[in-house]
Amino acid sequence: MSARRSATLVAGLVLVGIVVLMALVSLVWLPYSLDDTTGGRLSAPSAEHLLGTDKLGRDLLSQLMVGARIALMVGAGSVAIAAVLGIAIGLIAALAAPWFDDAISAFIDVAIAFPVLLTAMLIVALQPPSLGSAILAIGLAMSAIVARVSRILAKRAVGSQYVIAARTSGTRTLGIIRRHLLPNMAPTLAVTLALQFGAAVLAEASLSYLGLGAPPPNASWGRLLQEAQGTVLTAPIGAIAPGIALVVLVLGVNFVADGLRDAVDPTRRGRRS
Amino acid sequence: MTEPLLSMNALSVRSGETVLVNATDLEVAAGERVGLIGESGSGKSLTSLAVTGLLPESLRASGSVRLAGVETVGADEQVLRPLRGPVAGVVFQEPLTALDPLMRVGRQIAEPIRRHLGLRGSVLDRAVSDALAEVRLDEQRFARAYPHELSGGQRQRVAIAIALAARPRLLIADEPTTALDVTVQSEVLDLLDRLVAERDMGLLFVSHDLAVVARMTDRVLVLQHGAVVEEGAVREMLRAPQHPYTAQLVAHARVLDAALDGASGPEGAR
């Protein structure tokens with residue numbers, strides 16, 4: 001890996017690390033409890049409240065720290081669902097008979113055209129809004145995108161000569177999936193999944209904005225943004241802080257993805273770019 | 001008389017209505033070397049793919065191909081899998097694409113050895129070094145290398161090592177030297193020649209290059225537009241080609257040879 005590439009990875013890890021650290025600390029210590037409204041409404045940043053307070057007098061830093069936890073859970077949870085489901089569907093489509101592949105592809109196209117928010121509302125209609133249903137909805141919606149990418153990657157690998165060569169030497173389908181398909185899909189998938197991680201965090205922010213995400217008092221960054229909307233001119237920090245937090249996490253994850261691809265893919269190692 | 005290693009009877013391959021290979025008969029006895037020659041698009045590669053049941057799904061094969069007595073046309077994977085490796089090994093044209101770019105060479109060779117010979121651990125490691133040594137890649141570093149770290153000739157040696165790993169009785173070589181430059185070609189052909197002789201394997205050698213086929217095989221089938229137009233001993237064919245297409249191939253080879261003889265210095269063949 002070239003110095004520039006590993007610098008990308010390190011920068012990404014630092015950015016993600018900041019958010020992870022915030023989330024971890026929030027588990028054991030918060031400056032103020034989330035329902036503590038003693039700070040006064042919309043007070044400016046001060047020694048007591050490093051980022052000031054919101055319109056109910058709650059400490060913004062404390063909310064931001066809890067939000068970090070939620071953002072990471074949403075990202076990891078929905079990406080995990082999307083990865084398992086999407087990669088499985090993609091592999092099945094790529095290895096199945098052509099008519100079945102066509103059927104799955106059509107289904108994937110419809111699923112991708114279906115907005116994440118609509119899927120989320122349908123799921124929330126079946127059960128009360130909670131962080132879990134938001135993660136499930138985002139994960140399901142994203143699995144269609146992962147399935148499409150996986151299918152294309154798997155199809156390309158299946159048609160490649162090294163897979164034919166592996167079949168010529170008698171390798172079973174499962175062995176081909178494990179040894180040849182998944183490793184060759186991994187570099188591109190890693191990037192896709194990392195991008196989806198960022199998208200999931202943003203999607204949860206939108207869901208919370210609509211009141212379909214994590215219920216209060218657990219403040220997700222999306223809801224912080226929404227609540228700060230009315231006071232953005234008088235107390236801009238309320239919108240700026242969660243906005244920056246979102247950017248730090250999404251950017252960090254993308255950097256990690258970029259660096260990861262090079263670490264995972266030996267053909268890119270030592271390549272000058 | 002025992003059944004030949006490979007016997008192909010009226011094999012046809014179609015893509016929809018188009019006939020790509022038309023009623024081809026072919027036999028390779030144990031230890032025999034047979035060449036399949038023709039221009040690109042003549043169906044020679046498809047013929048060799050059909051032997052191990054590796055035709056693309058969009059193509060239909062009919063007729064009969066018996067590999068070590070087992071019918072492979074229309075056979076399902078369970079029937080074909082035991083044949084691939086121990087009965088027939090294949091070396092493909094383009095060594096870079098025939099190797100998994102993300103897997104170390106040693107592992108790619110280890111795979112078929114592990115599966116077909118059931119070796120594990122340090123015995124397996126030794127078998128891999130032996131396999132590499134057999135194709136003259138003696139140094140330890142080769143097992144740890146990725147395909148892109150090797151030269152074209154080295155990659156094709158690796159591909160040969162993989163094809164031979166399960167000790168096949170028939171080696172199918174589909175244009176194995178076409179992607180290589182001339183000096184490397186010659187080394188790889190020498191290597192194949194030696195290994196086929198040492199192990200007394202049958203060889204089905206597919207090429208568009210008459211000189212190469214003549215060097216590697218005893219008997220040749222000439223394919224044109226998916227059909228065999230001439231068949232016979234290499235020597236006979238070079239001396240007195242029957243079919244106009246064969247005559248043309250021979251004439252071309254002659255012209256090329258003459259040009260090379262005129263051009264080459266005292267360096268000569270070794």
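**Exercise 1.** Determine how many of the residues of helix 8 (residues 221–228) of chain A are buried, and name them.

*Solution.* The model is predicted; local features need pLDDT of at least 70, side-chain atom pairs count only at pLDDT 80 or more, and totals for chains, interfaces and linings use all residues. Residues are numbered from 1 along each chain as its sequence is written, while chains are lettered from A and ligands numbered from 1 in the order in which they are written.

Step 1. Apply the criterion: a residue is buried if 20 or more other C-beta atoms, placed from the backbone, lie within 10 Å of its own. Helices are DSSP runs (H or I, at least four residues), and strands are E runs of at least two, numbered from the N terminus.

Step 2. Seven of the eight residues in helix 8 of chain A are buried, and the helix is mostly covered.

Step 3. The buried residues are Trp221(A), Gly222(A), Arg223(A), Leu224(A), Leu225(A), Glu227(A) and Ala228(A).

**Exercise 2.** Describe the side of chain B that touches chain A.

*Solution.* Step 1. Contact (C-beta atoms, placed from the backbone, within 7 Å) links 25 residues of chain B with 17 residues of chain A.

Step 1. Strand 6 (88–91), helix 3 (95–98) and helix 4 (105–117) of chain B each give two or more residues to this side. Helix 4 of chain B gives the most, with four residues.

**Exercise 3.** Locate the lowest and highest confidence among the elements of chain B.

Step 1. Helix 11 (residues 244–263) of chain B is lowest, at a mean of 79, and strand 8 (residues 202–207) of chain B is highest, at 92.

Note on methods
Two residues are in contact if their C-beta atoms, placed from the backbone, lie within 7 Å. pLDDT is the predictor's confidence in each residue, from 0 to 100. A residue is buried if 20 or more other C-beta atoms lie within 10 Å of its own, exposed if 12 or fewer, and partly exposed in between; C-beta atoms are placed from the backbone.
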